[in-house]
Amino acid sequence: APPSSASRTILVTGGAGYIGSHACLALHRAHHRVILLDEREPQHAFYTLALRGRFADRALLHRAFTELGAVDAVFHFAASLDVGESMRDADKYFRNNVADLVELLSFMLRETECRKIVFSSSCTVYGQPEVLPVTEETSLAQPMSVYGLTKRMGEEILREYAAVHGFQYASMRYFNVGGATPEAGLGDRFNCGLHLVPIAMSCARTGAAFSVFGDDYATRDGTCVGDYLH
């Protein structure tokens, strides 16, 4: 069905990625207008307008916020996400995940009327929680990686933009994301080697060894089984 009067125009940064592409699909099925902004070429067609480049590029942002009229909200999925890499190249993660986020928020504040944003955060903001299972009321702890720190900083930045500038935001703190939408051709195309569920499925399919790290957790056999279950 074509967009209706209830349709909204949504900018999805990172819309070519695993979670971003599923967000585009959900928005498309709900008959919203989707503006996809990503450095990669999307492998799907669940968008109204696709822009190729960095989400902090002000010229691209100007196009994103004007070509289809006013943008109602931003879904921000674009980020660097390799925990191990973040410990080797902290500068990349602070630039991509923190500095560029501020550039996006500043553009929204100074150049547009859009004040709504959904932020792709991470369970890493909880650090090593003392109590399981984790809930939304669980206190944030010191993250155990630069990647986790950049996500926590992102949430803190958004909290201040909300308090000072009237932004409305929601943070999605993922644990182990898995699954696909085969009928739409969507799945974890780019980061299968980083995520637990695709690795486990690949090992089950090929018979390769599945490595479990840690042997001193407070579980029956010492492995971090709780991390896989909650």
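Is Arg52 buried or exposed, going by its relative accessible area? Arg52 is exposed, with a relative accessible area of 51%. Here, buried means under 20% relative accessible area, exposed means over 50%, and partly exposed is in between (1.4 Å probe, protein chains only).

A quick word on the ground rules. This is a predicted model, where local features need pLDDT of at least 70 and side-chain atom pairs count only at pLDDT 80 or more, while totals for chains, interfaces and linings use all residues. Residues are numbered from 1 along each chain as its sequence is written, and side-chain values use heavy atoms, with hydrogens and water left out.

**Charged pairs**

Side chains of opposite charge can pair when their charged atoms come close. We call it a salt bridge if a side-chain nitrogen of Lys or Arg is within 4 Å of a carboxyl oxygen of Asp or Glu. The count comes to 13 salt bridges, including these:

| Salt bridge | Closest N and O atoms |
|---|---|
| Arg40 and Asp38 | 4.0 Å |
| Glu41 and Arg52 | 2.8 Å |
| Asp100 and Arg54 | 2.1 Å |

Helices (H or I, at least four residues) and strands (E, at least two) are DSSP runs, numbered from the N terminus. Glu41 is partly exposed at 45%.

Now take Asp100 and Arg54, whose closest N and O atoms are 2.1 Å apart. Asp100 sits in helix 4 (residues 90–111) and Arg54 in the loop between strand 3 and helix 2 (58–64), so the pair links distant parts of the chain, 46 residues apart. Asp100 is buried at 13% relative accessibility, while Arg54 is partly exposed at 35%. Through shared partners, salt bridges join Glu39, Arg54 and Asp100 into one network.

**A histidine in a loop**

His44 is also found in the loop between strand 2 and strand 3, and it is buried, with a relative accessible area of 8%. Its side chain reaches the backbone oxygen of Gly15 at 2.9 Å and the backbone nitrogen of Phe46 at 3.0 Å. Not counting residues up to four places away in sequence, His44 touches Gly15, Ala16, Ser21, Cys24, Leu36 and Leu186, where contact means heavy atoms within 4.5 Å.

**Nonpolar cores**

In soluble globular proteins, nonpolar side chains tend to be buried together. A nonpolar core is a set of buried Ala, Val, Leu, Ile, Met, Phe, Trp, Tyr and Cys residues joined through side-chain atoms within 4.5 Å. Which members of the largest core touch the most other members? Of its 28 residues, they are Leu11, Phe65, Val74, Leu105 and Met108. Helix 4 gives the largest share of this core, seven residues. A second, separate core has 16 residues, among them Ile10, Phe46, Tyr174 and Leu186.

**Aromatic pairs**

Rings of Phe, Tyr and Trp (its six-membered ring) pair if their centres lie within 6.5 Å; planes under 30 degrees apart count as stacked, over 60 as edge-to-face and the rest as tilted. The structure holds four aromatic pairs. One of them is Tyr126 with Phe175, stacked at 6.4 Å centre to centre and 20 degrees between the planes. Tyr126 is buried at 4% relative accessibility, whereas Phe175 is partly exposed at 32%.

Terms used:
A polar contact is a pair of N or O atoms within 3.5 Å; within protein, one must be able to donate a hydrogen and the other to accept it, and residues adjacent in sequence count only if both atoms are side-chain atoms.
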